[in-house]
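This report describes how selected side chains are arranged in one protein chain. Please keep the sequence and the structure in view while reading.

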Amino acid sequence: MRVIAFMGSPRKNGSTDKLVKQILAGATSAGAQTEEFFLNDLNIRGCQACMYCKSHIECSQKDNMPPLTEEIKRADRLVFAAPIYMGGINAQSKTFLDRLYAFGTAENQPGKMPTGKKAALMFSHASPDENSFCQNVEPIARFLERLGVKITDTLFAAGGPKALDDEGFMQRVFQAGVDLVQ
């Protein structure tokens, strides 16, 4: 079982990254091999809406996204983690998710995503209310489900770094990794 995580925050070892590491620790404890990709370290251009991917297997752009697409195809499970900036996911995460459009078909049917994929979603934000931005990220889950990815868990780390001190929440994050593998 191979689990790969896409970390959207530009801050290595920040709250979002530590939460990703906790999910991956849970997945590892359940027997998975894991790997994390830092989107901020990669050259991923925005979708150009050229529709090339609808008549070809890949995107027309020659940047760092094609290797990530291959990683997604090879992985059994996925983790998407992003901080919430200004009420929505940050730019790095949005650009990456927009490029997953290449997995769909022109008829908006599940297409090129290998079957059986599952994913956990993690969002961190400074608001003390865990539910502050739930409605803002629901479209992400719906988009991934349209591609054929089953969402196993969606977690919201409220209060920024304070979430890391909440033992109950950190156990939920760890368990999300375990559940992702099972």
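Two rings of Phe, Tyr or Trp (its six-membered ring) form a pair if their centres lie within 6.5 Å; planes under 30 degrees apart count as stacked, over 60 as edge-to-face and the rest as tilted. The model is a predicted one, in which local features need pLDDT of at least 70 and side-chain atom pairs count only at pLDDT 80 or more, while totals for chains, interfaces and linings use all residues. Residues are numbered from 1 along each chain as its sequence is written, and side-chain values use heavy atoms, leaving out hydrogens and water.

**Aromatic rings**

Phe6, Phe37, Phe80 and Phe96 form one aromatic cluster. By the pairing rule, the count comes to five aromatic pairs. The ring centres of Phe6 and Phe37 are 5.6 Å apart and their planes meet at 20°, so this pair is stacked. It links distant parts of the chain, as Phe6 lies in strand E1 (residues 2–7) and Phe37 in strand E2 (residues 33–38), 31 residues apart. Here strands (E, at least two residues) and helices (H or I, at least four) are DSSP runs, numbered from the N terminus. Both Phe6 and Phe37 are buried, a term for under 20% relative accessible area, with exposed meaning over 50% and partly exposed in between (1.4 Å probe, protein chains only).

**One face of a helix**

In helix H3 (residues 65–74), the buried residues are Met65, Leu68, Thr69, Glu71 and Ile72. Viewed down the axis of H3, they fall within an arc of 160°, so they line one face of the helix; the arc is that of the directions from the helix axis to the C-beta atoms. These buried residues pack against E1, E2, strand E3 (77–85) and helix H4 (91–99), where contact means heavy atoms within 4.5 Å.

**Cysteines**

A disulfide is a pair of cysteine sulfur atoms within 2.5 Å, and a search of the whole structure finds zero of them. Cys50 is in no disulfide, and the nearest cysteine sulfur, that of Cys59, is 6.0 Å away. Cys50 is partly exposed, whereas Cys59 counts as buried.

| Residue | Relative accessible area | Class |
|---|---|---|
| Cys50 | 47% | partly exposed |
| Cys59 | 19% | buried |
| Met51 | 39% | partly exposed |
| Met86 | 89% | exposed |

Met51 is placed in the loop between E2 and helix H2 (52–55), and Met86 in the loop between E3 and strand E4 (88–89).
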